[in-house]
Amino acid sequence: MQDLTGLPIRKNPRKWYVLYTTPRAEKQVEQRLLDAGIETFLPIHITPRKWSDRVKMIEVPLFSSYIFVRTTDSVLRNLLRINGVVRIVFHSGAPAVIRDREITAIKSFLDKAKEKELIHEIGEELLIACGPMKDVSGKVKKINKTHLLLHLEQLGCTVSVAINQVVKKSIAIE
């Protein structure tokens, strides 16, 4: 069978759908889906989380409690049996279909965000997020693999600080 352009019509092609998961179970659900042979996409980004004694960069889902799956409509309904999947996301009375270009756009966004978030530049203003100099800002003078040299204008000195103990001032304000 062919369509109007002469190309063969594919019956029941695989499409991207959205599943809603139990809270904070996205990674476990992704693993269960992969084990079942289902193609998944769980957009993850790295964000700084502040504790009383340190700042740690952790991976978190871009969309809390959502995961994308590429499958057929007939297989989609069976995914509700997987532990941690709460429901299929619907739009206008049918399972929401995500276009390939939208998945590609999300991946592209994450790649660009990853480059910008983790790179510090000489002269950039950073905020020390923990330790005895918590909430003191300084300008980057030198960058090593694990440490930065920050010039603290308020104190008139330069200190060495672990990269995981500083945040960009824009992140700290939020």
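The model is predicted: local features need pLDDT of at least 70, side-chain atom pairs count only at pLDDT 80 or more, and totals for chains, interfaces and linings use all residues. Residues are numbered from 1 along each chain as its sequence is written, and side-chain values use heavy atoms, leaving out hydrogens and water.

The protein chain has four helices and 14 strands (DSSP runs of at least four residues, H or I, and at least two residues, E, numbered from the N terminus). Of its 174 residues, 33% are buried, meaning under 20% relative accessible area with a 1.4 Å probe, protein chains only. Among contacts (heavy atoms within 4.5 Å) with a separation of 6 or more, 55% join residues 24 or more positions apart.

Five strands form an open antiparallel sheet in the order E13-E12-E11-E10-E14; strands pair if DSSP finds at least two bridges between them. Strands E13 and E14 are the edges, each pairing on one side only. Inside the sheet, E11 and E12 pair in the antiparallel sense over four bridges. Lys139 has His151 in E12 as its bridge partner.

| Strand | Residues |
|---|---|
| E11 | 137-143 |
| E12 | 147-152 |
| E13 | 157-162 |
| E14 | 166-168 |

Thr72 lies in the loop between strand E5 (66-71) and helix H2 (73-76). Thr72 is buried, with a relative accessible area of 15%. Its side chain makes a polar contact with the side chain of Ser74 at 3.3 Å. A polar contact is a pair of N or O atoms within 3.5 Å; within protein, one must be able to donate a hydrogen and the other to accept it, and residues adjacent in sequence count only if both atoms are side-chain atoms.

How values were computed. Buried < 20%, exposed > 50% of the residue type's maximum accessible area, 1.4 Å probe, protein only.
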